[in-house]
Amino acid sequence: MSDNDCLTPFGHQIPTTRTYQFHHHLFFGISAEKQRNPFIIMSIGNKFSLQIISVFCIFAVVFILFQHHREKEFKIERLNTQLQDYNEQLCQSLTAAGDHSEPAIASFERRHHMPGLRLTLISEQGYVLYDNTRKDYGDMGNHLQRKEVQEALTQGNGSDIDRRSASTGKEYFYSASYFPKQHYIVRSALPYDHTLTEALQAEQRYIWVALVIVALLSFLLFRFGKRLDRNINQLRIFAQRAAANESLDVEDLAEFPGDELGEIAERIIKIYRRLQYTKEEQNRLKHELIQNAAHELKTPVASIQGYIETILTDTKMTEENRQLFLERSFAQTQRLTAILQDISTLHRLDSGTIAYEFEPVDIYETVSHIQQETALQLSGRRMTFVNQLPSPLIVRGNASLLYSIFRNLTDNAIAYAGDGTTITLTARQTGDYWHFCFSDNGVGIPQEHLMRIFERFYRVDKGRSRKMGGTGLGLAIVKNAVIMHGGTITACRNEDSGVRFVFDIHC
């Protein structure tokens, strides 16, 4: 059975105009306040989507900048390594040949041609020994303070990414290598022309990839925001109708989108409907209880009134009859007191106004006391009570409520099982529960009445029940007391004869 199977329609019908307004609200997703000024309020779905998109855009920009810097650094490092290798090869070639003259250097350049390359040899003191772009070395000035030269002297190699040459006036990418044994520095440089700029330029494809991802994410978040808005709008409609006590069984609240938010919203509405149904059911039961209580109280009150009225009006009544009427009146007051006490007990169990103290209780000892208290009644009806409980049988519960369970079951069996019957009480422990079976081999209860015997004031045979003096509340008290102790109770017919009550009590 689905969640809706147990629910019944309730509330009054929504007028046609109001229904149209709620449907308009649901499908367009904006309230009257937003229609008057759409800039005042942004839906929570749009807020959520905008915030996530903003965070992702910030992340994308940071990622692009980081990736751009990282790629540029990688390309610079690769170019610098290439120039350092060129410097190393030049030094090795000159050293191997034992010739450091200009013709030897020019010969190496021709063999290892690199377009636009500027090659310079600098002494340890900073003087230019060779340069392939200028031959007036005396006018080129001392290079000792050049950044790449300083780094080469201190670290073995150095570079300067973007510096204008004081000798040529052009911008170069410099890479210098210091060779201490040869007592000179080899510096190679590439001009910042179109070719070098393209070589050092960062790759642009990942920027487009990031932009496409941002666009795709924005679209998906927009779709998600719309679904979120729809769920929230339906919950808002539900809250408005619930506050106004209007009907909730309408088409626009029947289904939600098939996601987690939709499931949560649908369950909230189903729980509310179930609570409403439970509230109505409680009101119905309370109304029936009042009616049944009034009916049950009417009989002893009428009897007491009749007896006392007879005593007051009959002046010729004998003392013996007067005593008899007073005894009957007293008996009816006792029955009236029992009914009121049982009603009070049920009210306390239902409302939970009293915090019952739980303590270790020996069920075997409790049942033994009940056997002693009902011994005369059992003997008068030739009944036997067989207590097969283990001793001791300790549970944690309220002594008064546990007593009422077994006492009411015993009184019920004495009243209705029949003369010469046997009552049997057994128990077995499973995990944290004791499972009890209270049975008799008497006349039993018809099958059609078994499901209702725990209802308040319900009687299988109303005339016989009142004659036996029962209040009609004993089994209702038993059921509520068992529930208070974390268990359940059922009643069923025995295969041969009689009835048995099976219930659990938490240890």
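**Walking through the model**

Modeller: Here is the predicted model. Among contacts in the protein between residues at least 6 apart in sequence, 65% join residues at least 24 apart.

Colleague: How many helices and strands are in the secondary structure?

Modeller: There are 14 helices and twelve strands.

Colleague: And what share of the residues is buried?

Modeller: Of the 507 residues in the protein, 39% are buried.

Colleague: What about the accessible surface, how much belongs to carbon and sulfur atoms?

Modeller: Carbon and sulfur atoms account for 56% of an accessible surface of about 29,800 Å².

Colleague: Which residues make the nonpolar surface patch of about 230 Å²?

Modeller: That patch is made by Phe48, Ile52 and Phe224. Ile52 sits in helix α3, which covers residues 44-97.

Colleague: Changing topic. Why is helix α14 described as largely enclosed by the rest of the structure?

Modeller: Because eight of the eleven residues in α14, residues 474-484, are buried.

Colleague: Which ones are the buried residues of α14?

Modeller: Gly474, Leu475, Ala476, Ile477 and Val478 are buried, along with Asn480, Ala481 and Val482.

Terms used: Residues are numbered from 1 along each chain as its sequence is written. This is a predicted model: local features need pLDDT of at least 70, side-chain atom pairs count only at pLDDT 80 or more; totals for chains, interfaces and linings use all residues. Side-chain values use heavy atoms; hydrogens and water are left out. Helices (H or I, at least four residues) and strands (E, at least two) are DSSP runs, numbered from the N terminus. Buried means under 20% relative accessible area, exposed over 50%, partly exposed in between (1.4 Å probe, protein chains only). Contact means heavy atoms within 4.5 Å. Accessible areas come from the Shrake-Rupley method with a 1.4 Å probe; for residues, only the protein chains shown count as cover. Patches are made of residues with over 30% relative accessible area and no salt bridge: like charges are joined within 9 Å, nonpolar side chains (Val, Leu, Ile, Met, Phe, Trp, Tyr) within 5 Å. A salt bridge is a side-chain nitrogen of Lys or Arg within 4 Å of a carboxyl oxygen of Asp or Glu.
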